[in-house]
Amino acid sequence: MSEVTTAHDGTLASLDQLLHSLAAFYGGLGGPADVHLVARMRYLAEHRLGPIAADLLHTRAELADRTTAPARPGTSLPATAPTAPAATASGRTR
């Protein structure tokens, strides 16, 4: 989900950039129907993507909370992992 919602290079950010680029393109054409297309592209970018992005970010945060929930008592791993026996000068282990 982070591929979709990442602010600088996520899918929604790319879609926002695309819609603004289309608005600029249509604005350069200069026809009466083009003005409507410019307004539509800007509306989609500025008013429709925001709620979608907010909803997806909220969903992503909820999922992250599930994966980082504290373990139940008695189920946590030991603070330090057991170490291997030390080798002696002769190469044998103690």
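User: What does the accessible surface of the chain come to, and what share of it belongs to carbon and sulfur atoms?
Analyst: The model in view is a predicted one, and the value that follows is computed from its atoms. The accessible surface of the chain comes to about 7,500 Å². Of that surface, the share that belongs to carbon and sulfur atoms is 60%.

User: What percentage of the residues in the chain is buried?
Analyst: A residue is taken as buried when its relative accessible area is under 20%. Applied to the 94 residues in the chain, that cut-off gives a buried share of 12%.

User: Which element gives the most residues to the largest nonpolar core?
Analyst: The largest nonpolar core has 7 residues, namely Leu 12, Leu 19, Ala 23, Val 38, Met 41, Ala 45 and Leu 49. Two elements, helix 2 and helix 3 (32-67), each give two or more residues to this core. In soluble globular proteins, nonpolar side chains tend to be buried together. The element that gives the most to this core, with 4 residues, is helix 3.

User: Which residues is Leu 49 in contact with, leaving aside its neighbours within four places in sequence?
Analyst: Leu 49 is one of the residues of the largest nonpolar core. With its neighbours within four places in sequence set aside, Leu 49 is in contact with Leu 12, Leu 15, Asp 16, Leu 19 and Leu 44.

User: Is Gln 17 buried or exposed, and what is its relative accessible area?
Analyst: Gln 17 has its place in helix 2 (residues 11-29), and its C-alpha atom is separated by 8.1 Å from that of Ala 45, which lies 28 residues away along the chain. A residue counts as exposed over 50%, so Gln 17 is exposed, with a relative accessible area of 54%.

User: How far from Asp 34 is the nearest side chain of opposite charge?
Analyst: Asp 34 has its place in helix 3, and, leaving aside neighbours within four places in sequence, Asp 34 is in contact with Tyr 26 and Leu 29. Asp 34 is buried yet has no salt bridge. The nearest side chain of opposite charge belongs to Arg 42, and its distance is 13 Å.

User: What is the relative accessible area of Arg 42?
Analyst: Arg 42 is found in helix 3, and it touches Ala 23 and His 47 when residues up to four places away in sequence are not counted. The C-alpha atoms of Arg 42 and Asp 16, which are 26 residues apart along the chain, are separated by 9.0 Å. Arg 42 is partly exposed, with a relative accessible area of 42%.

User: How far apart in space are Leu 37 and Leu 22, C-alpha to C-alpha?
Analyst: Leu 37 has its place in helix 3 and is partly exposed, with a relative accessible area of 30%. Leu 37 and Leu 22 are 15 residues apart in sequence, and their C-alpha to C-alpha distance in space is 8.6 Å.

Methods. Residues are numbered from 1 along each chain as its sequence is written. This is a predicted model: local features need pLDDT of at least 70, side-chain atom pairs count only at pLDDT 80 or more; totals for chains, interfaces and linings use all residues. Side-chain values use heavy atoms; hydrogens and water are left out. Buried means under 20% relative accessible area, exposed over 50%, partly exposed in between (1.4 Å probe, protein chains only). Accessible areas come from the Shrake-Rupley method with a 1.4 Å probe; for residues, only the protein chains shown count as cover. A nonpolar core is a set of buried Ala, Val, Leu, Ile, Met, Phe, Trp, Tyr and Cys residues joined through side-chain atoms within 4.5 Å. Contact means heavy atoms within 4.5 Å. Lys and Arg count as positive and Asp and Glu as negative; His and the chain ends are not counted. A salt bridge is a side-chain nitrogen of Lys or Arg within 4 Å of a carboxyl oxygen of Asp or Glu.
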